[in-house]
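I opened a new notebook page for this chain. The plan was to go from the overall fold down to single residues.

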Amino acid sequence: MKKYKVCIAIISLICFGMLFTISLLLNDFYSPTSSTITASALGPNISEVQRRLKDWGYYNGAVNGQLDWETQQAIRYFQRVHDIPETGTIDAATANAIGVSLNSQNSNDLYLLAKCIHAEARGEIYVGKVAVGAVILNRVADANFPNTIYGVIYQPWAFTAVHDGQINLEPDSESYQAAQDALSGWDPSYGSLYYYNPATATSSWIWSRQVVVTIGKHVFAI
């Protein structure tokens with residue numbers, strides 16, 4: 001009888017242990033904070049991803065630099081809208097669509113600036129590409145524009161390439177170099193805040209700006 005009670009007790013402990021383990025696993029699976037990954041563990045700057053998704057209306061949480069449950073759901077939502085497989089993580093296609101770099105050797109500012117240069121001026125001569133990058137940086141430094149490269153590039157209707165989706169093209173090596181030269185201080189636009197192609201420009205307002213220099217097909221103005 002005593003052995004029987006001991007066996008029952010052992011079986012009960014085993015069953016309790018199994019149930020407790022399953023409970024922990026289920027709790028971890030459904031917990032909103034169970035998948036928290038810091039930005040340094042992933043590659044791209046998660047804070048920047050959160051900030052952009054928040055600006056675009058995909059994310060309502062805190063900009064905390066963590067790939068938590070709420071951020072993953074926002075990424076899934078973004079991926080669904082952009083016809084990207086819903087992984088909830090920043091894969092290459094998602095990083096490209098959001099405009100962040102998976103390559104740790106390139107900062108997000110350099111990558112985004114290169115993307116805009118490539119989208120806006122990939123048919124221009126090299127100095128013209130640098131000049132486009134310089135205009136973006138001149139706007140960052142001007143109080144009348146957003147004070148970040150991201151803010152300037154994604155300011156509504158600021159750049160045709162953002163509006164028509166060409167910003168999602170992957171920049172080539174020359175665009176990267178032009179972006180680097182612009183970030184290093186080279187400004188062939190001589191302080192210009194605007195540029196346009198007179199053959200395609202439709203805004204009458206842009207024609208009123210003071211012309212500083214013409215490089216390739218682009219007129220640069222202040």
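The entries below follow the order in which I looked things up.

**Ground rules**

I am working from a predicted model, in which local features need pLDDT of at least 70, side-chain atom pairs count only at pLDDT 80 or more, and totals for chains, interfaces and linings use all residues. Residues are numbered from 1 along each chain as its sequence is written, and side-chain values use heavy atoms, with hydrogens and water left out.

**Entry 1: overall fold**

I listed the secondary structure and got ten helices and three strands. Helices (H or I, at least four residues) and strands (E, at least two) are DSSP runs, numbered from the N terminus.

I then looked up burial, where buried means under 20% relative accessible area, exposed over 50% and partly exposed in between (1.4 Å probe, protein chains only). Of the 222 residues, 41% count as buried. The chain exposes about 12,400 Å², by the Shrake-Rupley method with a 1.4 Å probe. Carbon and sulfur atoms supply 57% of that area.

Next came contacts, meaning heavy atoms within 4.5 Å. Among contacts with a separation of 6 or more, 53% join residues 24 or more positions apart.

**Entry 2: the cores**

I searched for nonpolar cores: sets of buried Ala, Val, Leu, Ile, Met, Phe, Trp, Tyr and Cys residues joined through side-chain atoms within 4.5 Å. In soluble globular proteins, nonpolar side chains tend to be buried together. The largest core here has 35 residues, and Leu 113, Ile 136, Ile 153 and Phe 220 touch the most other members. Elements giving two or more residues to this core include helix H6 (108-121), helix H7 (126-141), helix H10 (173-183) and strand S3 (218-221). H6 gives the most, with eight residues.

I listed the partners of Leu 113, leaving aside neighbours within four places in sequence. They are Gly 133, Ile 136, Leu 137, Ile 149, Ile 153, Ala 179, Ala 182 and Leu 183. Another core of 15 residues lies apart from the largest one, and its members include Tyr 58, Ile 75, Ile 90 and Ile 98.

How do H6 and H7 pack? Their angle is about 125°, with the axes 9 Å apart. Axes are lines fitted to C-alpha atoms, for helices over the stretch in contact, and angles run from 0 to 180 degrees between N-to-C directions. H6 and H7 are therefore oblique to each other. The cut-offs are under 35 degrees for roughly parallel, over 145 for roughly antiparallel, 65 to 115 for roughly perpendicular, and oblique for the rest. On the H6 side I noted Leu 113, Cys 116, Ile 117, Glu 120 and Ala 121; they meet Lys 129, Val 132, Gly 133, Ile 136 and Leu 137 in H7.

I turned to H10. The axes of H6 and H10 come within 8 Å and cross at roughly 120°.

Is Leu 112 buried or exposed? Leu 112 is buried, with a relative accessible area of 0%. Its place is in H6. Beyond four places in sequence, Leu 112 contacts Arg 52, Gly 99, Ile 149, Tyr 150, Ile 153 and Tyr 154.

Arg 122 sits in the loop between H6 and H7. Arg 122 is partly exposed, at 38% relative accessible area. Not counting residues up to four places away, Arg 122 touches Ile 117, Lys 129, Gln 166 and Leu 169. I also checked Arg 122 against Asp 172: 50 residues apart along the chain, 8.8 Å between C-alpha atoms.

**Entry 3: H3 and positive phi**

Helix H3 (residues 46-55) is mostly covered, with seven of its ten residues buried. Arg 52 and Glu 48 are among the buried ones. Just after H3, Gly 57 takes a positive phi of about 85°.

Which other residues did I log? Asp 83 is not a glycine, yet has a positive phi of about 55°. Asp 83 lies in the loop between helix H4 (69-81) and helix H5 (92-98), and counts as exposed at 73% relative accessibility. Trp 157, also not a glycine, has a positive phi of about 65°. Trp 157 is in the loop between H8 and helix H9 (160-163), and is exposed, with a relative accessible area of 71%.
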